[in-house]
Amino acid sequence: MKKILIALIVTAAIVATACSLWGSINARKLLANCKFEVESFDVEIAKFNSSFVMKDGKTRVKMQDGMSILKDHWSDIKKGKFNLDFTKMKLRAHVVVDNPNDHHVILDSLVLDAFMEGKAFSRITHAKVLEIPAKTKGRTSFLVDLPIDQGLLKLMDQKTIQFKGTVWSRLKITDSIEPTIPIPVELEQKIPHGKIQKEIKKGKKKLIKQTFKKIQKATGLSDKNTQDLKKKAEKYLEKVF
């Protein structure tokens, strides 16, 4: 009886191992058949500092520098002829996974390195489980921190962001057998210059308005003059931006 019990346990272990191996192979094939694509980017967060970066890319003007220095550059500033530096910018990458298989696929997680010009600047770890039914597309997204050390001008010169890393898939065979399989992926998408430009315009408009208010306070204008200047400034900004 004892020998029979041992034999049954051994047999069960062999069957479980075989099922697990089959599941792993099958899961790898299923996931390898899927097509991964970064469909688009959105600007999730855009924060800029309070410096006017003049067109030469070197001169930075702050309100703290004093009215005389600000006055020297005001003709360009009020026309929006300056740039900004960002303190934080995050893009949301929208990913589409096309599952052409006759079996559902479970995307457990992904670990990707983000590159620009062949240089890695951020690592993304995304652990949101995504189950994709057979013959359908699944969607997920993750955030990408853009490198502030490059500066906004250099960022806008870049064309694409590349992603290289691993997607982890899980295939449920039984309640106790759920193999997790790694698959290497490479993705690429154009940097959303248009969307970033919209955020830059908002940032410029906000900074100019803040500067107008500081000028009003520093020059001691009356309430009536302040309101008149504010209206003129808003009309002017509408034309510029």
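Mentor: We may. A search of the whole structure, which is a predicted model, finds 8 salt bridges.

Trainee: Why is the pair R92 and E44 called a salt bridge?

Mentor: The definition asks for a side-chain nitrogen of Lys or Arg within 4 Å of a carboxyl oxygen of Asp or Glu. The N to O distance for R92 and E44 is 3.1 Å, so the pair meets the definition. R92 lies in strand 5 and E44 in strand 1 (residues 35-48), so the contact ties together parts that are 48 residues apart in sequence.

Trainee: How do you know that E44 counts as partly exposed?

Mentor: Its relative accessibility is 40%. Buried means under 20% and exposed means over 50%, so E44 falls in between.

Trainee: What makes R60 and D85 a salt bridge?

Mentor: Their closest N and O atoms are 2.7 Å apart, and the cut-off is 4 Å. The pair links R60 in strand 3 (residues 60-61) with D85 in the loop between strand 4 and strand 5, 25 residues apart.

Trainee: Why is the contact between the side chains of D85 and R60 also called a polar contact?

Mentor: The distance of 2.7 Å is set against a limit of 3.5 Å for a pair of N or O atoms, one able to donate a hydrogen and the other to accept it.

Trainee: Are D85 and R60 buried or partly exposed?

Mentor: D85 has a relative accessible area of 16%, under the 20% limit, and is therefore buried. R60, at 41%, is partly exposed.

Trainee: What makes K90 and D145 a salt bridge?

Mentor: Their side chains meet at 2.5 Å, N to O, where the definition requires a distance within 4 Å. K90 is in strand 5 and D145 in strand 9 (residues 136-145), 55 residues apart. K90 is buried at 17%, whereas D145 is partly exposed at 35%.

Trainee: How do you know that I208 is buried?

Mentor: I208, which lies in helix 4 (residues 193-219), has 0% relative accessibility, and buried means under 20%. The C-alpha atoms of I208 and F52 are separated by 9.3 Å, although these residues are 156 residues apart along the chain.

Trainee: Finally, which residues form the positive surface patch?

Mentor: The patch is formed by K55, K78, K79 and K81. Lys counts as positive, and patch residues need over 30% relative accessible area and no salt bridge. K78, in the loop between helix 2 (67-77) and strand 4 (82-83), has 32%, so K78 passes the area cut-off.

Note on methods. Residues numbered from 1 in each chain as written. Predicted model: local features only at pLDDT ≥ 70, side-chain atom pairs only at ≥ 80, totals over all residues. Heavy atoms only, no water. Patch = residues over 30% accessible without salt bridge, like charges linked within 9 Å, V, L, I, M, F, W, Y side chains within 5 Å. Areas by Shrake-Rupley, 256 points an atom, 1.4 Å probe, with all protein chains shown as cover. Charge placed at Lys NZ, Arg CZ, Asp CG, Glu CD. Helix = DSSP H or I, 4+ residues; strand = E, 2+ residues; numbered from the N terminus. Buried < 20%, exposed > 50% of the residue type's maximum accessible area, 1.4 Å probe, protein only.
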